Amino acid sequence: MSAHPTPCSRRQFFRGVALATAATASGALLAACAGEEVVAKASKTDIPVGGATIIDGWVIGHPAESEFTAFSTACPHAGGTIDKIEDFQGTTVATCPKHYSRFDVSTGDVVDGPSRKPLTAAKSVSVSGDSVEVTN
Ligand code: FES
C-alpha cells in the first residue's frame, strides 16, 4: 500500500467534474419532479366529524374536530377503486366494490375483507380557510 495519494490525470479530473455536474443536475431535476401539489380539495362542511367523503381519487376522513386524513382510493388488494363510505360495525369505512375490503377512514387500516395492506396515505392534509386540501 502506498503512502502517496493516487495521481489524477487532467482527463480523469475533468471526467470527475463532468460526472459530478451531471449528478447535481439530475438531483436538482429529481427534487423538482418530487414537488408536492394539491390533488384534491373538499369543503370542511361537507365532511362531518366521524365521517368521510370521496373526491378526485382520495378518501378524506374527519375523525375528530380539526383532524383530517386522506388516503388513495386505489385498493391495495387487487387494484379496485374504492367508491363507498359506510358504517361497518360502528366504524366509518371506505369500501372497495371489487372484493369488499373495508378500510378505517381514520387510519387506512383494513377492517374487513381480503386486503392485507392498508390504504396509501397522502403526503399531507391541511386546512386552508373552509377547504381541506390533500397534497401528494
Ligand atoms: S381489489 Fe379491492 S378488495 Fe379486492
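Predicted model: local features only at pLDDT ≥ 70, side-chain atom pairs only at ≥ 80, totals over all residues.
## The chain as a whole

Residues are numbered from 1 along each chain as its sequence is written, and side-chain values use heavy atoms, with hydrogens and water left out.

The chain holds one helix and ten strands; these are DSSP runs numbered from the N terminus, with helices being H or I of at least four residues and strands E of at least two. Reading from the N terminus, the order is α-β-β-β-β-β-β-β-β-β-β.

## Contacts and surface

Let us turn to how the chain meets itself. Among contacts (heavy atoms within 4.5 Å) with a separation of 6 or more, 39% join residues 24 or more positions apart.

## His 62 in strand β3

Strand β3 spans residues 58-64 and includes His 62. His 62 counts as buried because its relative accessibility is 6%. Its side chain reaches the backbone oxygen of Ala 64 at 3.3 Å.

Setting aside neighbours within four places in sequence, His 62 is in contact with Ile 47, Pro 48, Val 49, Gly 50, Gly 51, Glu 67 and Phe 68.

## Val 105 in a loop

Val 105 sits in the loop between β7 (102-104) and β8 (110-112). With a relative accessible area of 3%, Val 105 is buried.

Val 105 and Ala 52 are 53 residues apart in sequence, yet their C-alpha atoms are 6.8 Å apart in space. Ala 52 is also one of the contacts of Val 105 beyond four places in sequence, a list including Gly 51, Val 59, Phe 71, Ile 85 and Val 93.

## Cysteines

What about the cysteines? Cys 75 is buried, at a relative accessible area of 7%, and Cys 96 is buried as well, at 2% relative accessibility. A search of the whole structure finds zero disulfides, a disulfide being a pair of cysteine sulfur atoms within 2.5 Å.

Definitions and conventions
Buried < 20%, exposed > 50% of the residue type's maximum accessible area, 1.4 Å probe, protein only. Polar contact = N/O pair within 3.5 Å; in protein donor to acceptor, adjacent residues only side chain to side chain.
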